[in-house]
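Please find below a colleague's note on the model under review. The points are numbered so that each may be checked against the coordinates.

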Amino acid sequence: MIRMELFSLKGRTAVVIGAGSGIGKAIAKLFTDLGGKVVASDVKGLEDLQSTYDTFKADITNVNDVRQLVEFSLNKLGEIYALYITPSINIRKRIENYTLDEFDRVVNLNLRGNFIVLKEFLKVMKENKNGGSIVLFSSIRHLVTEPGQAVYASTKAAIVQLAKTAAAEYGKYGLRVNVIAPGVVDTPFTQQIKNNPEWYRAYTEKTILKRWADPMEIASVAVFLAMPASSYITGTVIYVDGGWTAIDGRYEPDI
């Protein structure tokens with residue numbers, strides 16, 4: 001007998017940070033389409049979402065903003081069952097050309113911002129009666145890299161260890177913390193690559209599936225991690241990369 005309740009979000013709540021575009025926007029839509037309730041947050045781009053969700057503008061590098069987001073979310077949702085932290089930036093430069101200001105910008109958002117959100121939300125989510133699910137976003141770049149990715153890749157590797165540590169510390173409260181590592185996704189974040197036909201084609205060919213991901217293909221995995229069906233998954237990295245990290249991609253022998 002199929003237990004459909006394992007794949008239900010009925011009665012479940014979520015805060016989606018970075019909901020203004022890309023993967024975050026797809027997560028917010030899918031979560032509500034499947035019966036959940038969402039507070040959508042971003043530093044900008046929330047105007048189109050206000051008729052669908054409760055929205056709150058917040059800069060995750062600002063502790064006061066994040067604390068106000070926690071309070072707002074509790075008021076609107078009652079309990080925060082799921083948390084999605086999607087924002088990051090990438091400045092593609094070789095190490096010797098990186099300025100320290102650029103280094104600080106990337107680390108401040110990608111690592112410090114994620115840490116602030118995790119710290120402030122864990123304080124309240126650990127009081128949940130039925131646990132909860134937190135999803136952070138790394139990248140294939142935490143595992144494999146290329147020229148120009150030193151700082152971004154470093155922050156994405158740090159996200160993995162941050163999530164694993166949080167999972168270890170808060171599992172006793174029924175909180176699960178996992179990481180999604182996307183490959184190439186068709187979002188505003190990757191516009192620089194799409195603008196270069198050779199670069200775009202190279203990334204396409206590197207995947208087993210020979211195509212980029214749609215944001216909803218990442219969102220579907222993120223939302224699954226809030227369902228009862230995922231109740232034994234914590235402290236792990238899920239690669240949604242079209243097979244990018246499974247093969248070296250340099251040559252296909254005639255065998």
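1. Basis of the note. The model is predicted, so local features need pLDDT of at least 70 and side-chain atom pairs count only at pLDDT 80 or more, whereas totals for chains, interfaces and linings use all residues. Residues are numbered from 1 along each chain as its sequence is written, and side-chain values use heavy atoms, with hydrogens and water left out.

2. Helix α7. Helices (H or I, at least four residues) and strands (E, at least two) are DSSP runs, numbered from the N terminus. Helix α7 spans residues 215-224, and its buried residues are Pro215, Ile218, Ala219, Val221, Ala222 and Val223. Buried means under 20% relative accessible area, exposed over 50%, and partly exposed in between (1.4 Å probe, protein chains only). These buried residues pack against α1 (22-33), β4 (82-85), β5 (132-137), β6 (175-182) and β7 (237-240); contact here means heavy atoms within 4.5 Å.

3. Helix α6. In α6 (197-206), the buried residues are Tyr203, Thr204 and Lys206. Viewed down the axis of α6, they fall within an arc of 165° and so line one face of the helix; the arc is that of the directions from the helix axis to the C-beta atoms. Exposed residues Pro197 and Glu198 are carried on the face turned away from the buried side. The cover over the buried residues of α6 includes α5 (191-194). Asn196 caps the N-terminal end of α6, a side-chain oxygen lying 3.1 Å from the backbone nitrogen of Glu198.

4. Asp42. This residue belongs to strand β2 (residues 37-42) and counts as buried because its relative accessibility is 12%. Beyond residues up to four places away in sequence, Asp42 touches Gly18, Ala19, Gly20, Ser21, Phe56, Lys57 and Ala58. A polar atom of the Asp42 side chain lies 2.8 Å from the backbone nitrogen of Gly20.

5. His142. Leaving aside neighbours within four places in sequence, the contacts of His142 are Ala153, Lys156, Ala157, Val160, Ala181, Val237 and Tyr239.

6. Salt bridges. A search of the whole structure finds 9 salt bridges, each a side-chain nitrogen of Lys or Arg within 4 Å of a carboxyl oxygen of Asp or Glu. One of them joins Glu146 and Arg141, with the closest N and O atoms 3.5 Å apart. Glu146 is partly exposed at 25% relative accessibility, while Arg141 is buried at 6%. Another links Lys210 to Glu205 (3.9 Å, N to O). Glu217 and Arg211 also meet in a salt bridge (2.8 Å, N to O).

How values were computed: Polar contact = N/O pair within 3.5 Å; in protein donor to acceptor, adjacent residues only side chain to side chain.
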